[in-house]
Amino acid sequence: MRFATYTADGETFYGAVTDAGMTALSPHFPDWPTLRDVIAADGLPALAQAAEGKPVTHTDFNYEIPIPNPEKIICVGVNFPDRNAEYKDGSAQPKHMSLFPRFPRSFTGAERPLIRPPENHTLDYEGEVAVVIGKTGRRIKPEDAYDHIAALTLANEGTIRDWVRHAKFNVTQGKNWDNSGSIGPWLVPFTDAAQLDNARIVTRVNGEIRQDDTLARMMFPIREEIAYISTFTTLQPGDVIITGTPTGAGARFDPPKYLAPGDVIEVEVEGIGILRNTVEDEA
């Protein structure tokens, strides 16, 4: 079962995704205005049950990011061995993971364009798995971390590369341009550790494979990410952790292969789906 947030006829809904279209479920759950509220109430099983036998309500719609109002989105950087080597600084695997925040406004939904701003054209892609927290937790033990995941989705953690170099100690300004990245297209309930432990992530640009790796090779596995992050901040239902991208981002080619209008980017993980976006210049 897949659940998405989408707009249709000028309204925003969440519902079940079918091959024929969307089945709106939000009108049936007024106490849960968004999928964040559904997750906070442990309501994904109730949505699945409610969707059974219901007809498609919308065939013309636009995807939004699945959790429209997360308290926080935290991204893990440089989390694959080859990715660390790409920096060519001779450094070994770091002792602690690199983290930075992203704002919801910096993401758009699936099948919608990533926006390249006029100030800088070094728009790059980063295909990643994103986990959605389902249960409040602080100082979570690694062995308990998966118990705090409600659902999985995908992210293209689009980045304006030149702007991550504007300062010495942070990348925030290069990571938060409006509509520069995407999350989606939907949420898949997390029910089995194999959904993450055996996952292979592939990113294609115009059909060419640029990134291809498995989550098992992460320097900081997702269990450790949740444990480390929850040490300093309380994780809340609906929080999103974007877990890290493999080698092969456009900036690391010689010359770099940055995104341009008309490009099509696909991030795929079997069992989750395909997150597809195009690129447009800001109007």
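**Salt bridges and a cavity**

At 23% relative accessibility, Glu 64 is partly exposed (buried is under 20% relative accessible area, exposed over 50%, partly exposed in between; 1.4 Å probe, protein chains only). The model is predicted, so local features need pLDDT of at least 70 and side-chain atom pairs count only at pLDDT 80 or more, while totals for chains, interfaces and linings use all residues. Residues are numbered from 1 along each chain as its sequence is written, and side-chain values use heavy atoms, with hydrogens and water left out.

Me: Which side chain does Glu 64 meet in a salt bridge?

Reply: A salt bridge here is a side-chain nitrogen of Lys or Arg within 4 Å of a carboxyl oxygen of Asp or Glu. Glu 64 has such a contact at 2.8 Å, N to O, and the partner is Arg 112.

Me: How many residues apart in sequence are the parts that Glu 64 and Arg 112 tie together?

Reply: Glu 64 lies in the loop between strand 4 (62-63) and strand 5 (73-77). Arg 112 lies in the loop between strand 7 (107-108) and strand 8 (113-116); strands are DSSP runs (E, at least two residues), numbered from the N terminus. The pair therefore ties together parts whose separation in sequence is 48 residues.

Me: Is Asp 124 buried or exposed?

Reply: The side chain of Asp 124 meets that of Arg 161 in a salt bridge of 2.7 Å, N to O. Asp 124 is in strand 9 (residues 123-124) and Arg 161 in the loop between strand 12 (159-160) and strand 13 (181-189), 37 residues apart. Arg 161 has a relative accessible area of 6% and is buried. Asp 124, at 0% relative accessibility, counts as buried.

Me: Which residues are linked with Asp 124 and Arg 161 in a network of salt bridges?

Reply: The whole structure has 19 salt bridges. The network that holds Asp 124 and Arg 161 also takes in Arg 102, Glu 126, Glu 157 and Lys 175.

Me: How many charged residues are in the lining of the largest cavity?

Reply: A cavity is a set of points on a 1 Å grid over the protein atoms alone where a 1.4 Å probe fits but cannot get out, and lining residues have an atom within 4 Å of a point. The lining includes Ile 65, Pro 66, Thr 153 and Val 240. Ala, Val, Leu, Ile, Met, Phe, Trp, Tyr, Cys and Pro count as nonpolar, Asp, Glu, Lys and Arg as charged, and the others, Gly among them, as polar. The lining has nine nonpolar residues, one polar and, as for charged, none.

Conventions
1 Å grid on protein atoms, 1.4 Å probe; cavity = no way out; pocket = protein on both sides within 12 Å on 5 of 7 lines; lining within 4 Å. Helix = DSSP H or I, 4+ residues; strand = E, 2+ residues; numbered from the N terminus.
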